[in-house]
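This report covers selected side-chain features of one protein chain. Please read it with the sequence and the model at hand.

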Amino acid sequence: MTIEPVAVYSTLLHEKFGLPRQAGLAGSLEGLVSLRGNWACADSLRGLEEFSHIWLIWGFHLNRPSGNRTVRPPRLGGNRRTGVFASRSPFRPNGLGMSAVEIVSIDFEKAEIKVKGADLADGSPIFDIKPYIPYSDSIPAASPGYTALEWKKLRVVFPEGIDRVFAPERLEALGQILSLDPRPHYQDDPQREYGLLFADRNIRFKVRDGVLEVLSFEERS
């Protein structure tokens, strides 16, 4: 069976580094789902305005399919292996992701859905879109497994003037992304400087003692 994208995703994050590790963790981060081909019409979206959230079935286009049977989940500090099917790792046999996101607005004429809270990179192909149904998709008593381990967020310190570059909603989204600690969990060098591409800016930062300090936010060359 061959599957083809029905839409493409556009957002401010263009690389894997800095992407939220799960949907919903950076709830202010917005993106756009643009339908393609025969699906790019109002009929494809008819009735979707009655729902608040959708499932996106999408592809890890920045990763090659992986044959590894075990992975190192970030929640376990990158030090313990689990089976690939006991993880949400992007390194998967078929490179498919599934994310529940909130609908912000729907443009039926352009066949576009603005969403927020996604963990997709810019340009991600979307293979299917389904409404999120609370009574069947939410299981409050489900066991969280090793994901129940505490994940302490970082305190983010922005330099003066960054609020003149980013609109408040974008700055809020950037703060959420950085607070999740984009670094690989085996790296904790307080002298090391990291770079994250966000919109048209290269965000440079360091982390020390639970505080992430943004050093600069220059335009990308």
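The sections below treat aromatic pairs, one serine and a surface patch in a predicted model.

## Aromatic pairs around F17

Six aromatic pairs turn up in a search of the whole structure. One of them joins F17 and Y194, whose rings are stacked, with 6.4 Å from centre to centre and 10 degrees between the planes. This pair links distant parts of the chain: F17 belongs to the loop between β1 (7–11) and β2 (30–35), Y194 belongs to strand β10 (residues 194–198), and the two are 177 residues apart.

F17 also pairs with F205, again as a stacked pair, at 6.4 Å centre to centre and with 10 degrees between the planes. Here too the partners come from distant parts of the chain, since F17 is in the loop between β1 and β2 while F205 is in strand β11 (residues 201–208), 188 residues away. Together, F17, Y194 and F205 make up one aromatic cluster.

## Accessibility within the cluster

Which of the classes, buried, partly exposed or exposed, does F17 fall into? Its relative accessibility is 23%, so F17 counts as partly exposed. The cut-off for buried is under 20% relative accessible area.

## S99 in strand β6

S99 sits in strand β6, which spans residues 96–107. With a relative accessibility of 1%, S99 counts as buried.

What does the side chain of S99 contact through polar atoms? The partner is the side chain of W58, at 3.0 Å.

## A nonpolar surface patch

M1, I3 and L96 form a nonpolar patch on the surface. Their accessible area together is about 380 Å². L96 falls within the residue range of strand β6 (residues 96–107), the strand that also holds S99.

M1 is located in the segment before β1.

Methods:
Residues numbered from 1 in each chain as written. Predicted model: local features only at pLDDT ≥ 70, side-chain atom pairs only at ≥ 80, totals over all residues. Heavy atoms only, no water. Phe/Tyr/Trp six-rings, centres within 6.5 Å; stacked < 30°, edge-to-face > 60°. Helix = DSSP H or I, 4+ residues; strand = E, 2+ residues; numbered from the N terminus. Buried < 20%, exposed > 50% of the residue type's maximum accessible area, 1.4 Å probe, protein only. Polar contact = N/O pair within 3.5 Å; in protein donor to acceptor, adjacent residues only side chain to side chain. Patch = residues over 30% accessible without salt bridge, like charges linked within 9 Å, V, L, I, M, F, W, Y side chains within 5 Å. Areas by Shrake-Rupley, 256 points an atom, 1.4 Å probe, with all protein chains shown as cover. Salt bridge = Lys/Arg side-chain N within 4 Å of Asp/Glu carboxyl O.
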